[in-house]
Amino acid sequence: MPYVESVEQFVSLVENTGPQIFRGQTRDWAVLPGILRPTLADARQRNPELEKNLLQRFRLNAAAYIPVLERTEKPDWWRCAAIAQHHGLPTRLLDWTRNALTALYFAVAGKHAAANPAGPDAAAQDSVVFCRPLPEVFTFGKFSRCFPWMHADRQVMFLQPDVTHSRIFSQSSLFSVHPGSPVDKVGAEAYAADLQAIRIRASDCDRIQIGLARLGVHRVSLFPDADSVASHVVWEVDRRIDRLSDRVMLGISDQESLGSR
């Protein structure tokens with residue numbers, strides 16, 4: 001598995017490959033959707049219908065903020081799952097992107113290390129971008145015959161969401177759909193075929209994130225909202241890469257801003 005130390009090295013590895021999809025992770029965890037993460041093992045054991053219950057509760061409580069979820073006559077549970085996934089709810093969907101630099105951002109964002117950890121566990125601290133050839137991708141209609149929590153196919157399928165949601169659009173998102181009903185019937189082995197990994201040492205992540213920002217790939221471009229703007233402005237100042245003061249950007253002086261007082 002190759003290591004990269006810069007955006008340029010990463011691009012040189014992926015630019016001449018065939019059509020690919022990518023997934024960035026800040027650790028070399030098993031490739032598994034959120035509903036199967038170890039942190040939910042106890043909850044799944046206590047509640048065999050956890051996946052269903054989480055989606056139902058999300059739709060009930062988030063409909064006031066997301067109009068597409070307000071439809072009550074026939075809820076679209078697959079669209080609900082896609083939106084819920086992008087807001088952090090554990091689902092059987094797993095995020096992928098068609099944009100290699102987007103995946104690289106998710107692999108390195110917010111990760112700091114003055115030096116690489118030593119010892120046999122050092123590689124466990126690496127960030128990873130997983131790549132695989134572009135699979136056959138289906139729209140929501142392919143999945144409409146069943147609820148997400150009853151998706152019993154035996155192999156991983158891929159979903160191209162048509163949700164008009166800013167995050168899904170900005171991140172060039174598509175999802176893998178984990179097989180099996182119940183969802184924990186199949187594990188990480190379902191993703192092993194054709195999967196390749198590009199690794200990034202912890203000590204290189206911050207520099208790569210700065211390089212991505214200079215190319216226009218940053219939190220605001222991927223999470224376009226006011227909270228992200230505030231977070232990104234603070235991040236730029238913290239990294240000492242803010243190049244213009246507010247005064248210069250606004251084109252006014254302190255005296256002008258005070259008016260005639």
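User: Is Phe 106 buried, exposed or partly exposed in this predicted model?
Analyst: The model is predicted, local features need pLDDT of at least 70, side-chain atom pairs count only at pLDDT 80 or more, and totals for chains, interfaces and linings use all residues. Residues are numbered from 1 along each chain as its sequence is written, and side-chain values use heavy atoms, with hydrogens and water left out. Buried means under 20% relative accessible area, exposed over 50%, and partly exposed in between (1.4 Å probe, protein chains only). Because its relative accessibility is 29%, Phe 106 counts as partly exposed.

User: Which arrangement do the rings of Trp 77 and Trp 149 adopt?
Analyst: Rings of Phe, Tyr and Trp (its six-membered ring) pair if their centres lie within 6.5 Å; planes under 30 degrees apart count as stacked, over 60 as edge-to-face and the rest as tilted. Trp 77 and Trp 149 are both buried. Their centres lie 5.5 Å apart with 70° between the planes, and the pair is edge-to-face.

User: How far apart in sequence are the parts tied together by Phe 106 and Phe 223?
Analyst: The two rings form an edge-to-face pair, 5.9 Å centre to centre with 85° between the planes. Helices (H or I, at least four residues) are DSSP runs, numbered from the N terminus. Phe 106 lies in helix 5 and Phe 223 in the loop between helix 8 (219–222) and helix 9 (226–238), so the parts tied together are separated in sequence by 117 residues.

User: Which residues form a cluster through ring pairs?
Analyst: The count of aromatic pairs comes to 6. Ring pairs link into a cluster Trp 77, Phe 147 and Trp 149.

Definitions and conventions. Helix = DSSP H or I, 4+ residues; strand = E, 2+ residues; numbered from the N terminus.
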